[in-house]
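Keep the viewer open as you read.

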Amino acid sequence: MVRFFTKNLFWIWVIVFQYPVIFLYAGTEDIIENADSIKAYLMMDNFSMDNNAEAIILYEKGNTFLQDNVLSYKVERTIKILSQNAVNQVGTVAVPTGSRTNIKKVSGITYNIENGETVIQKIDKADILKDKITRNISALKFNLPSLKAGSILHYSFTLEYFTFIGVPNWNFQHEYPVVFSEYQTSIPDYYIYTDLSRTSIPFIHVDKEKELNGQAAAVHVFTAKGPGNYNMLTTTWVRKNIPALRKEPFRLGDENYLERVKLHFTGIAPYKGSVIPLFKSWEQVTEQVLKDGDIFPQAYAGNGFLKDKVTALAPAKSSELEKATSIFSYVRNNFVLESNNDEHKVNLHHTFDTHTGNLQELNLLLTSMLRKAGLNSEPVILSTKPHEPLNSFFPNIQDANYIISKVRIDDKDYYLDASQKYLPFGILLPECYNGYCRIINEKGYSMNINPSHLADKNIILASLNVDQEKEKKLRLVMDVKYGNMTALGYRQIWKGDEQKAKKELRSLFNLGSFQLTSISVKNVSDPDKSLLIHYEAETELGDKNIIYLTAFFDPFFHQNPFTAVNRTFPVNLEYEYDYNYTLNFQVPDAYKIDEYPKQRILKFDSDLMYFQNLVDINENKNKFSLNSKFETHTTIFPVEEYTGLRSFFEQMIASQNERIVLIKSN
Amino acid sequence: MDNLKTLSHSVLALLLVLLPFSAFCKKDQLNLSVSAIPAKLKENAHAVIRYDSTFVDIISRSELRYIRKYAITVLDEEGCSFGYLQEGYNKLVSITAIQGHLYDANGKLIQKLKKKDVMDRSTFGMDYTFNSDSRIKSYRFAYPSFPYTVEYEIRETIKSTFSLPDWTPQKSPKCSIEKAFLSLSYPASTIVREKEYLMPAQTDRNNREIDGIIFKTWTIGGLSSFEPQPFSMAGNFNMPTIILAANDFELMGHNGSMDSWKSFGLFNYELNQGRDSLPLAAKNLIHSLIKDDTSTLQKVQDLYAYMQKNTRYVADEYGISGWQTFDANSVCTKGYGDCKGLTNYLKAMLKEAGITAYPSLVNAGKDDYYRIDPKFPANTFNHVILCIPDSRDTIWVECTSQQLPAGYLGGFTQNRFVLLTTEQGGYLIKTPSYEKDKNYLNRQVKIVYDNKADAQLIALQNEYSCLMQDDMLYLLKTLPEDKKQKWINQKFNFPSYEVVNYNYQFSGTNKSPLILENAKAKVNGFIQKSNKRTFINLGWLPNPMEKIIQTTPRTKPIVLEKDFRITDSIILVLPPDVTIESVPGNTELQFPFATFTQQVQKQGNQVLLTSKYEQNAGIYGKDDFDDYQKMYRAINAEKENLNVVLSTSIKMNQDH
């Protein structure tokens, strides 16, 4: 009954949304109905609320009306354009719709000022186009005419769905600042919707509708007799002067910050005083998908067809961990993810036979096989970054867009994803580490999968010696062992092609006078083993009296990743960093070390971020060694710590730019 | 009568055309097992084209049949995408049949393509076109283990001969070809031209005429995959290709000829003729806009600036609109249009101002200099710009830009052949190219070293001219201040820095625009102090040469498309009491394709570093490639050694 959205279906939507267009934006009755106010806004070229704004949403209003199982959703917006960029960004409107959605009452108007007069230009009906994008998705699209910096545009449209669930959510916040935003829902009282809002100022409940206008954030609820034997519940939210949501690197996705109200269908009340809760809690949702669904129960079914294979992969005498890794590797290595096949009915037997399946089929099959081997394995649903994590109070299975498998061995949980060729046992894609998840089992537990579960441990070992054969040359040998996440990134690009790997690594190698003489790569396609790179390079030693050498042949950072001076949002890293670099240097006989990088320890926020440079010098043997470490023990840094964080990186980079100085002995 | 003839033609054509093909299949092609692939073709290949047979059957100037049947063995994950089916179609091209089969490594049939699983989508959202009739059908077989083989057959009816299909059987250097075959047939009464590029020496060609139909076939085979050689494309293509053109064609009810550039230009001129009337108000406005202008360039600049402010790029390429402009009146009224519409609108405005201008067809793109073959008139254009002949000098205008000055073409359309369309027909001429004196970057850096501060204040004064300013111009003219600030805090190569103030000035002339950049930055991490020394690294300006990675021996020429010059000067002002332990040495590198000089001078308490890199556009031999690499490495090595080293120990000793 509940449809499970997979990542790939989502992909189609992404494409639609990526069109360089902001769909859904229109105007205000207040402004467009008053010629003087329109003119005043047309004359304005600067808004004190945001000097950098390229456009201002002067007014926007959404209205959902649900009656007789027809849900009608009207949107209108008025936008003042302040830059030519914004002309291109908001001037084209595209509204994606499903195959059973009606779209009605489309209008668009541009207001300009010419010779001191307001000029109104309506969009021609013939210029409102429909595009059948795929079998199930269409788009309505149009361009506002004669737009330029300074113009005001207004548009509105109404969408009509034949459903009673899925009252649209409303965002009060956008890429542009908003002066006034209102959302109203009118829903018969036999449908129960719960709302969840997020705003920087809490909504004040007001008794009279007109009181809404005096507030920056207010809500008004009103019940009236409906046309049938029921009441209509009308709720109106008003929010004013909302700043633009700006992008920043190392930030969670927009969904996590946008001011908005979400509406959630929680039950029906067929007659007064009776309430049938439907999606009240996650436990209830879980129970429902296990009872009535035809997807998740397959993970728990007997699945006799798996018996022989599982017995062969996981003999009784092997340990639980051996059984789990063996089954996991089998599914990951021998099954292929079908990327364009989400429409068919899930059938694990068919998946097992054809060795092909979509995300949910592969990870449910894995779960089922692990269970068949007597292991404690369960499917887990989650929502990937950049989306919000699943909401613990708002059980909505449609928010989940990913499914993994969990296996518990010796009181330890391992998270598995067999759909990705280059993921090792117990590691997920970085976007899966997004907090709250739900286990789909009889008890319906929740759990959190956080980026702190994930550390990217990189080890670099470099040695520098005089070449035994060619005495005038200094020879560098460097071995790099990449952490899970760095290795995953490379493996996804290299796709098992060693030549491609070498070529790319060659292009990244840049050590000034050192010339690469050989490079080798190990375990490009085997994610269960560490990705290893071996470099050999050499440089002319020459006959200088003084030589300046770098000590860091693979510095942790070349440039500070935190380029912006100021920060608005907390810093969120995708995983924890763990870098370790060691250099062993046998100084050429003719020279001695005069200076070397300073010993140093940097700590940030007690031990949450840590950098060290330790050096050891043996003057008798003319040997020098250095160990440098960088570790983070958290992935979140609050805004207040940003300046310190930036400066920590600054100092670490400076430290790794320090040189070794050799001078001719005697 | 006509219909009958067409029918017999196509039946006959099909029979005859299939004859050589079936012979070609019989031998070994039906064996699709992987073991049948010669070892040489598997070397370094990710996919092997087992066979590819393409039939282009021209029935009349308004109709052709296109059949392509091919099989590809996918050897590994990198080769997967070659096994995907993706076929575009539109109002003129209809796909009449698609078949597909999946075979395992032994050549055993595993699966057939199911029609209902073929994904069909509009191209909306995939590019910047607002509206068009183009759609895509796509399909992917999924198979759990490599290698496997897919086979597809696509049949199309194309209701025009304006653009004939190209033939490039080797889709990528990553694929090898076992066998590929092209058949072209057309009535002997018509002229269809073909041109071969980079076809292998052993190409088997056949040519005969039967019953008034000309049949031509090409068969090639045994082509290995290869490592691409970057910067080597001096011709029109980099893999074996045949392009076709019909001298007399039809496009949606419009007949035309492309037997010469002249006639093809005339067709385009006539197709777009009479679409330049403007509303009265617009005409009056034009005269008021230019009333004080004395030169043609001034008039063009003023009208162009007006258009830039009042229109935007919106591409509606539906049906004939893909080739014929919307009329100037509608672009003027709605305030938007595509390249044709905006070009035609400016042309109409100029006409009202008494200035003649000619739309010029171009193949746009930063790296598509050589796409047009001047000796082979064909529809190989994808964009249009406006050319305004002026007594002194021609004025070129890119009408889709809201930022460029009139008279300047950026990297998108400069230095290549374009087809001027006039009432007398087409003329192939070249757009301007920018020489070193125009195409340059000049950087001046001043550092007053403050040995008591962690961060050093660096003043930068940079000049970006012509192609060097293209990308910046767009950003600077469109970004709001806060985004500009973010951008400037990312654009320099310093280890860690903060720009404390900056300003930009747009100068130069219409034909060679120049951006002056003034910035002051607090920079960390380029100075290291130890007990005895202070290192001041000056090597953060990027290497002016492009890094080229090639692991196999070079066999192709090295092609440098642009002339340019980069000059840098860094003035380092030191406190009076420091002792300089060492400064970098001088360097001079000289090759036919480029020169590099670097000099370091000590003047009192100042160190002055100057460097100059000049690249000479041209096509150089394969032996020059090694020199290019050598030069690149030498400059990199220089960067590492660009340290001014101050000795602090001496001073400390003096202190004691």
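Predicted model: local features only at pLDDT ≥ 70, side-chain atom pairs only at ≥ 80, totals over all residues.

Residues are numbered from 1 along each chain as its sequence is written, chains are lettered from A and ligands numbered from 1 in the order in which they are written, and side-chain values use heavy atoms, with hydrogens and water left out.

Start at the interface. Chain B brings 75 residues to the contact and chain A brings 80, where contact means heavy atoms within 4.5 Å. Together the two chains bury about 6,400 Å², with 46% of that on carbon and sulfur atoms; buried area here is the accessible area (1.4 Å probe) that two parts lose on being put together, summed over both. On the chain B side, B:Phe124, B:Phe130 and B:Arg312 supply 12% of the area buried against chain A, more than any other three residues.

Now for the charges. The rule finds 8 salt bridges across this interface, each a side-chain nitrogen of Lys or Arg within 4 Å of a carboxyl oxygen of Asp or Glu. One to look up is B:Lys483 with A:Glu54, at 3.6 Å from N to O. Helix 9 (residues 481-491) of chain B gives the most to the side of chain B that touches chain A, with 6 residues. Helices are DSSP runs (H or I, at least four residues), strands likewise (E, at least two), numbered from the N terminus.

Next, go to helix 11 (residues 484-494) of chain A. Its buried residues are A:Met485, A:Ala487, A:Leu488, A:Tyr490, A:Arg491 and A:Trp494, with buried meaning under 20% relative accessible area, exposed over 50%, and partly exposed in between (1.4 Å probe, protein chains only). Their cover includes strand 24 (455-466) and helix 12 (498-508) of chain A. Just past the helix, A:Lys495 has a positive phi of about 50°.

The largest nonpolar core has 165 residues, and A:Tyr535 is among those with the most contacts inside it. Such a core is a set of buried Ala, Val, Leu, Ile, Met, Phe, Trp, Tyr and Cys residues joined through side-chain atoms within 4.5 Å. Helix 10 (residues 359-372) of chain A gives the most to this core, with 7 residues.

Finally, B:Pro389 sits in the loop between strand 21 (383-388) and strand 22 (395-397) of chain B. B:Pro389 counts as partly exposed because its relative accessibility is 42%.
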